[in-house]
Amino acid sequence: MKIFTSTQIRELDKYTIEHEPIKSIDLMERAARTLTRAITERWPRTVPVVVFAGPGNNGGDAMAVARMLIEQDYQVQTYLFNITGHLSADCTENKKRLCDKKGMPLLTEITQEFDPPKLEQGMLVVDGLFGSGLNKPLAGGFAALVKYINASKADVVSIDVPSGLMTEDNTYNVSANIIRATQTLTLGHIKLSFLFAENQAYIGQLRILDIRLSQEGINKMDAHYTLLEEEQMRQLLRPRNRFAHKGEMGHALIIAGSYGMAGAAILATKACLRSGVGKVTLHTPKRNVPIIQTAVPEAIVSIDHEETTFSEGVPTEDYQAVGIGPGLGTSEQTSITLIAQLRRTQCPLVVDADALNILANRRAWLQQLPKGIILTPHPKELERIEGKCVDSYERLTKARELAERLQGYVILKGQHTAICMPDGHIVFNTTGNAGMATAGSGDVLTGIITGLLANGYDRQVACVLGVYLHGLAGDLAARELGQESLIASDLINYLPKAFIRLKN
């Protein structure tokens with residue numbers, strides 16, 4: 001699924017109007033019917049409704065919804081804010097249609113001072129002040145109105161976007177001047193800002209409503225952002241040759257685990273083995289060997305000559321992919337060995353955890369990384385490399401810039417993990433849950449992606465498929481175990497079910 005910018009949303013509306021063809025006012029009427037249906041499914045006729053409509057098309061939607069609610073015997077008060085004396089054409093038409101309702105009270109049009117209605121618990125506010133076209137923070141009277149609504153105990157349903165929230169960059173927005181909706185009914189497609197953690201307080205429950213925008217227009221329009229979908233992932237998963245043997249299924253190398261961190265090495269190795277690869281070799285310090293061979297008997301162990309740290313590089317000619325970093329430590333000796341290993345490795349590389357922390361401490365080394373490298377930072381690891389970020393949008397921007405600069409892949413982990421491609425495109429994951437916020441979850445992801453790479457998937461496919469499977473395993477585990485009790489090992493145990501789900 002594509003995620004469009006505010007500019008592209010307007011272009012798609014225009015394309016639909018021109019090519020369906022349909023009049024702009026009729027497209028708004030179609031959207032209003034869909035919005036009204038969603039509202040009436042949740043709030044009964046006994047709930048008093050207060051509609052706040054702005055001067056643009058979002059206000060036009062809101063007044064059309066008010067008219068349709070009145071037609072279904074809802075008690076509705078409508079306030080139209082026309083401070084500048086200019087309404088959009090469709091807003092003007094819907095004002096007329098609402099006022100033409102015989103036997104119905106006229107809406108209240110606000111041109112100067114405004115005495116707001118009392119908002120109480122048990123009431124519903126329909127927020128139609130500003131939509132996806134907003135490009136600056138709310139101020140003055142609109143900011144005061146937003147604060148008044150937020151201070152009330154009434155439910156709030158926002159049309160398309162909570163008023164005050166911008167669809168992409170809210171770095172310099174004013175949080176107090178954004179509607180905090182109970183439910184957001186967004187039209188057509190999800191908005192980029194809806195994927196960021198700090199914006200969830202404004203969105204409430206999200207519903208994406210299909211208003212039948214032109215599919216041809218959607219297909220033609222390039223999007224910088226997309227969402228992963230299950231059918232797409234199903235098509236990427238290759239069938240397994242029934243005559244396959246382990247030598248054909250790839251050999252992966254995992255370099256992980258300082259002394260005391262053998263668990264990270266075990267998680268990455270087990271996940272790699274569960275991802276369809278033929279063989280996995282784990283390179284780890286001497287003291288970890290008894291633990292590893294007991295915990296993961298299927299793995300081949302390459303023993304570092306140092307007792308407790310990673311201190312010697314591994315030739316990689318016999319491997320199809322390398323995953324490095326989980327539990328590795330950040331000592332001086334390990335750091336020097338790491339950069340030597342990264343420079344000499346010719347096969348696909350996945351870099352995680354302490355390997356990222358080492359690079360953050362020696363940023364000049366980033367210039368020596370091979371093209372096509374895959375970095376898998378969580379937000380704090382990315383900030384150690386790229387600097388502090390004000391919000392998720394800035395962090396995402398820095399992740400994308402890093403991927404472009406390295407000509408590699410940056411997987412920024414989170415609720416909607418973002419896979420940043422070398423060409424600047426960003427793909428967001430749609431699987432996963434809060435139960436996966438647990439130690440070792442990232443080590444499992446490293447193992448999965450490394451296994452897919454060694455098995456022959458190209459870098460882009462291994463990234464998106466690995467992230468999707470990782471989240472899907474977490475969803476399947478949480479369904480049976482609950483989010484609170486989820487641990488990283490559960491992700492590995494449910495990975496087979498995730499593969500089966502995609503195959504079936």
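## Sheet

Strands S14 (residues 349-351) and S15 (residues 374-375) pair in the parallel sense, over two bridges. Strands count as paired if DSSP finds at least two bridges between them. Val 351 has Leu 375 in S15 as its bridge partner. The strands and helices here are DSSP runs, numbered from the N terminus: H or I of at least four residues for helices, E of at least two for strands.

The model is predicted: local features need pLDDT of at least 70 and side-chain atom pairs pLDDT 80 or more, while totals for chains, interfaces and linings use all residues. Residues are numbered from 1 along each chain as its sequence is written, and side-chain values use heavy atoms, without hydrogens and water.

An open sheet of eleven strands runs in the order S1-S9-S18-S17-S16-S15-S14-S13-S10-S11-S12, with mixed pairing.

Helix H14 lies across S9 (225-227), S15, S16, S17 (418-420) and S18 (426-428). It runs at about 160 degrees to S16. Helix H16 (residues 459-481) lies across S15, S16, S17 and S18, at about 10 degrees to S16. Axes are lines fitted to C-alpha atoms, for helices over the stretch in contact; angles run from 0 to 180 degrees between N-to-C directions. Contact means heavy atoms within 4.5 Å.

## Helix H13

Helix H13 (residues 379-386) has Glu 381, Leu 382, Glu 383, Ile 385 and Glu 386 as its buried residues. Buried means under 20% relative accessible area, with a 1.4 Å probe and protein chains only. Their cover includes helix H12 (354-361), helix H14 (392-406) and strand S16 (409-412). Just after H13, Gly 387 takes a positive phi of about 100 degrees.

## Aromatic pairs

The structure holds nine aromatic pairs. Rings of Phe, Tyr and Trp (its six-membered ring) pair if their centres lie within 6.5 Å; planes under 30 degrees apart are stacked, over 60 edge-to-face, the rest tilted. Phe 52 and Tyr 79 form a tilted pair, 5.7 Å centre to centre, with 35 degrees between the planes. Phe 52 is in strand S2 (residues 49-53) and Tyr 79 in strand S3 (residues 76-81), 27 residues apart. Phe 52 counts as buried at 0% relative accessibility. Tyr 79 counts as buried at 9%.

Phe 52 also forms a tilted pair with Phe 81, at 6.2 Å and 45 degrees. Phe 52 lies in S2 and Phe 81 in S3, so this pair ties together parts 29 residues apart in sequence. Ring pairs link Phe 52, Tyr 79, Phe 81, Phe 114, Phe 130 and Phe 142 into a cluster.

Notes: Buried means under 20% relative accessible area, exposed over 50%, partly exposed in between (1.4 Å probe, protein chains only).
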